[in-house]
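Subject: Structure handover

Hello,

The structure you asked about is below. My notes on it follow.

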Amino acid sequence: MQNSLEKAIKKGFKEIYDVAVDSVEFQATNKDFEGDITVVVFAFLRYIKGNPVEIGTKIGAYLKENVPEVKDFNVVKGFLNLVISDDFFLASFKEIYATQNYGFVSPNPAEKAVMVEYSSPNTNKPLHLGHIRNNLLGYSVAEIIKASGKKVYKTQIINDRGIHICKSMLAWQRFGNGETPESTGLKGDKLVGNYYVAFDKAYKEEIAQLISTGKTEEEAKKQAPILLEAQEMLLKWEAGDAEVVSLWKTMNSWVYEGFNKTYETLGVDFDKNYYESTTYLLGKDVVTDGLKKDVFYKKEDGSVWIDLTADGLDEKIVLRSDGTAVYMTQDIGTAIERFKDFDLSELVYTVGNEQDYHFKVLFLILEKLGFEWAKNLHHLSYGMVDLPSGKMKSREGTVVDADDLMVEMVDTARNISQELGKLEGYSSTEKAELYKIIGLGALKYYILKVDPKKRILFDPEESVDFNGNTGPFIQYTYARIQSIIRKADFDFSGEISTVTLHEKERQLIKQIQQFPEIIQNAAKNHSPALLANYTYDLVKEYNSLYQSLPILGSENENEKILRTQLSAKVGEIIKSAFKLLGIAVPERM
């Protein structure tokens, strides 16, 4: 509609004022005024001087005369409110109703792909609450970009090397007595994480012992035998020592099995994994080339740096004096590797906002090295997730384990559902599946409805509320719609001949029309929150119609068909939108 209106308005300006207008600004009509779409007249004052009300009135009269869909208009200050005919809304909805995968765009095979990186865990401990926000954001952004019409690759880089891994390995050698995930019944990532904690405990005891013999705390931290042994193990790993490498492979395999179970429960996946053990040497040759091009410079001690002070940033080291790489070096090399591995146009890094500066520097270095694609690198920066004090503390009392949180969410859904008595007549298996759908849906929606940049205070019980802007409220509306469809004992697939639209129907169709644009905006802004909150607004609009008008009980056959079709399409959009957010919907509830 906007496209045809824009053409008509440009034509009108040419005829009335002999002025060529480049673009037309539209917005939703203020609910206090009559109208379906509003033209911002103020925007035309750069082309023509005059009274905005007079200009709006002349353009409104022209549109009413020349555009059949424009039934009436009114001008309020510098805003031209257009009343669009029922025929237009009915024709628009007819087209939408017949469209499968409405709102989704098929990818163009000729276009380059987008890569989205998320999760990126360490192999010395299980995933935690912060990883949940990271995974949900990264996965959802990838799915939304895919729905917007682009080929997408989902990836993670696993931090599987370094001193922290050796700490877990050494503690297992010392205290493990050969135990395995099979012998303990523990998930592999939990078992390895326990040994990381065990190392820390032993390390602190050794520090205390050394201090008691007269060492300073600083000396004791550096000289603790268990730390020296872990450092020696790292050197052996880097030298390819067969025994150390074998233990490293075994313990990492336990962790990957544990991670995969967490990912499966959370409902996220990856197309390719990168491992730091194979990328940590990448980038060193790029630094050598950069030195030749004077992008980098060498200090007297042999370390290599880049000076970004002219760009408002700092000096940054890219190679230590002993020739070893820093994280920045690896990230430079890994980015280049990914663009070699895949035909990419963009790369999105899902990483917490504490790394904002790191990514500014990384992107700028890659630009200075002459990589054209560097301008298409994005940091999807997000805030931390906090829990209300005293709720769901982990065994260490600081970090909330991802698996524990998901179990807690399913339990919370069970308790609240039982209190409300919502699941009479369900088998125990059906109930268990539904508690999982509700609990995980509540968790995901609560996190994704918030702008990624904002910090979140996550309240498990509040998230499972069946009223308000929550996952369960939207899931409940979807289930209600499916119940209506099941009860419809007539063919509602046919065309509607004539019907006068009720205001509630008009508003709902207008909301439905926005879905494709919302997907595009959410993809462009890397913001699942736009999609989540749109879905809530759609559900509110639908529930307003449901409470005001009979659907299956309408005595007018055309009204009954239209309202059932509207219900079915709203159900489809909820399911589609929630799928992009990684959330399941129940057929009954």
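Helix 10 is followed by G267, which has a positive phi, near 80°. Helices here are DSSP runs of H or I with at least four residues, strands are runs of E with at least two, and both are numbered from the N terminus. This is a predicted model, in which local features need pLDDT of at least 70 and side-chain atom pairs count only at pLDDT 80 or more, while totals for chains, interfaces and linings use all residues. Residues are numbered from 1 along each chain as its sequence is written, and side-chain values use heavy atoms, with hydrogens and water left out.

Confidence. The chain has an average pLDDT (the predictor's confidence in each residue, from 0 to 100) of 94, and 98% of the residues score at least 70. Over residues 392-397 pLDDT stays under 50, and the model has 13 contacts beyond four places in sequence for them. A contact means heavy atoms within 4.5 Å.

Helix 10. The 25 residues of helix 10 reach 36 Å from the first C-alpha to the last, close to the expected 36 Å at 1.5 Å a residue; the expected span is 1.5 Å times one less than the number of residues. At the start of helix 10, the backbone nitrogen of E243 lies within 3.1 Å of a side-chain oxygen of D241.

Cores. A nonpolar core is a set of buried Ala, Val, Leu, Ile, Met, Phe, Trp, Tyr and Cys residues joined through side-chain atoms within 4.5 Å, where buried means under 20% relative accessible area with a 1.4 Å probe, protein chains only. The largest has 148 residues, and L63 and I512 have the most contacts inside it. Helix 10 (residues 242-266) gives the most to this core, with 11 residues. Leaving out residues up to four places away in sequence, I512 touches F93, I96, Y102, Y534, L538, L566, V570 and I573. A second, separate core has 37 residues, among them I306, L344, V351 and L364.

Strands. Two strands pair if DSSP finds at least two bridges between them. Strand 3 (residues 70-76) and strand 4 (residues 79-84) are antiparallel over six bridges, and F73 has L82 in strand 4 as its bridge partner. These two strands form a hairpin with two residues between them, and K77 in the turn has a positive phi of about 55°.

An open sheet of three strands runs in the order 8-9-10 with antiparallel pairing. Strand 8 (297-298) and strand 10 (315-319) are at the edges with a single partner strand each, so one side of each has no neighbour in the sheet. Strand 9 (residues 304-307) pairs with strand 10 over four bridges, and V304 has L319 as its bridge partner in strand 10.

Regards

Note on methods
Buried means under 20% relative accessible area, exposed over 50%, partly exposed in between (1.4 Å probe, protein chains only). A polar contact is a pair of N or O atoms within 3.5 Å; within protein, one must be able to donate a hydrogen and the other to accept it, and residues adjacent in sequence count only if both atoms are side-chain atoms.
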